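Let's walk through this one by question and answer. Here it is.

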Amino acid sequence: NLLANADFEESDTSMWTIASDTSCVGIRKETTNTRSGSYCLHFWDDKAFSYTAEQTVTLDAGTYRAGTYLQGGDAGDDAVFQFYAVVGGETKSVDTGVSSWQNWSEAIIDEIVVEEDDTPVTIGVYVDANAGAWGAWDDFYLYHNSEVEQEIDSW
């Protein structure tokens, strides 16, 4: 995995930048809301909220695959849950959502193309939700496609 502390288990979380209009989101020990381990990026508020959480890494030229997992509920029909990758000013994104506790959905972005070595890539999530929405993100990942192919071949 090319992301640092992608499962939030390490005490150093400085590689993650979290920006929010409220105190609705944070890396927390939430063992009942994790996909693995003891920590996750947990969110909830009693008023409408929005936030981003992202990490920027420098990558060699190549093609990459990124993903993450999300679970939660009470978000309503107009909530926005988006997973994104930004490369060279271009954004690729995929919408996802929450349905219930521990019902994890996987958001995947394939074919993240990095054309020059040492290119910064930002992987992140954006949420805009109504009061009472809750949930957690966990187990982010970013792999070079050759590593994904090797893993698939080993299955």
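Q: Is Cys-40 buried or exposed, and what is its relative accessible area?
A: This is a predicted model, where local features need pLDDT of at least 70, side-chain atom pairs count only at pLDDT 80 or more, and totals for chains, interfaces and linings use all residues. Residues are numbered from 1 along each chain as its sequence is written, and side-chain values use heavy atoms, leaving out hydrogens and water. Buried here means under 20% relative accessible area, exposed over 50%, and partly exposed in between, with a 1.4 Å probe and protein chains only. Cys-40 counts as buried, its relative accessible area being 0%.

Q: How many disulfides does a search of the whole structure find?
A: A disulfide needs two cysteine sulfur atoms within 2.5 Å. For Cys-24, the closest cysteine sulfur is in Cys-40, and at 13 Å that is too far for a bond. Cys-24 is also buried, at 1% relative accessibility. The whole-structure count of disulfides is zero.

Q: Which residue in E8 is the bridge partner of Ala-66?
A: Strands (E, at least two residues) and helices (H or I, at least four) are DSSP runs numbered from the N terminus, and two strands pair if DSSP finds at least two bridges between them. Strand E5 (residues 62-73) has ten of its twelve residues buried, so the rest of the structure largely encloses it. E5 pairs with strand E8 (residues 105-114) in the antiparallel sense over eight bridges. Ala-66 has as its bridge partner in E8 Ile-109.

Q: How far apart in the chain are Phe-8 and Phe-140?
A: Rings of Phe, Tyr and Trp (its six-membered ring) pair if their centres lie within 6.5 Å; planes under 30 degrees apart are stacked, over 60 edge-to-face, and the rest tilted. That rule gives eleven aromatic pairs. In one of them, Phe-8 and Phe-140 have ring centres 5.9 Å apart and planes at 90°, so they are edge-to-face. Phe-8 is in the segment before strand E1 (17-20) and Phe-140 in strand E10, a separation of 132 residues.

Q: What angle lies between the planes of Tyr-69 and Tyr-141?
A: Tyr-69 is in strand E5 and Tyr-141 in strand E10, so their pair ties together parts 72 residues apart in sequence. Both are buried. The pair is tilted, 6.4 Å centre to centre, and the angle between the planes is 50°.
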